[in-house]
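Me: I am new to this structure. Please take a close look at the salt bridges and explain what they connect.

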Amino acid sequence: MINKILVPTDGSKRAERAADFAVGLARDTGASLLFLNVVDEVSPAYVYELESGAAIDIAALDEQRRKFGEEAVARLKDKAEAAGVSVETKVVDGHPWQEIINQATIESADHIVIGSHGRRALAAAVLGNVAVNVIHGSKVPVTVIPVREEE
């Protein structure tokens with residue numbers, strides 16, 4: 001029996017397609033949903049000076065990425081609520097695949113639904129596909145919704 005489904009989103013079309021599938025699954029099984037966005041940790045929060053003399057404020061960039069993540073989960077929450085599904089949202093900092101697995105444990109999710117590019121195994125290994133890492137690291141079942149480039 002499925003009680004809680006974790007659905008990671010990066011705001012992409014493939015994540016939206018996975019969310020649509022998860023909403024239907026939750027509606028059919030009576031499960032609740034947790035939409036999760038992970039703000040990827042890439043660098044310390046200070047200003048970088050580029051060769052051109054331009055500066056990048058990493059803290060401001062992180063704030064924009066967090067806002068984007070909050071908007072992404074809010075859009076999916078609205079869809080789920082419109083379908084009559086119980087839903088929560090969460091935005092965390094970290095490395096995406098690790099945090100997806102970590103949050104599944106913390107939030108007692110018993111299923112993960114994730115979108116994928118639909119790349120072949122070699123491409124996924126070279127590119128470090130988040131979905132592949134989640135599949136291999138998860139302690140709960142993972143449903144992968146592939147989206148091919150032509151879609």
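Reply: Lys79 has a relative accessible area of 33%, so this residue counts as partly exposed. Glu16 is also partly exposed, at 30%. In this predicted model, the side chains of these two residues, Lys79 and Glu16, form a salt bridge with an N to O distance of 3.0 Å. Lys79 belongs to helix α2 (residues 58-82) and Glu16 to helix α1, so the pair links parts of the chain that are 63 residues apart.

Other salt bridges share partners: Lys4, Glu88, Lys90 and Glu107 are joined into one network in this way. In general, side chains of opposite charge can pair when their charged atoms come close.

Lys4 is buried, with a relative accessible area of 12%, whereas Glu88 is partly exposed at 37%.

Lys4 also meets the side chain of Glu107 in a salt bridge, at 3.3 Å from N to O. Here strand β1, which holds Lys4, is linked to the loop between α3 and β6, which holds Glu107, across 103 residues. Glu107 has 18% relative accessibility and therefore counts as buried. Ser108 is placed in the loop between α3 (96-106) and β6 (111-116), but Ser108 is exposed, at 57% relative accessibility.

For the structure as a whole, a search finds 10 salt bridges.

Terms used: Residues numbered from 1 in each chain as written. Predicted model: local features only at pLDDT ≥ 70, side-chain atom pairs only at ≥ 80, totals over all residues. Heavy atoms only, no water. Helix = DSSP H or I, 4+ residues; strand = E, 2+ residues; numbered from the N terminus. Buried < 20%, exposed > 50% of the residue type's maximum accessible area, 1.4 Å probe, protein only. Salt bridge = Lys/Arg side-chain N within 4 Å of Asp/Glu carboxyl O.
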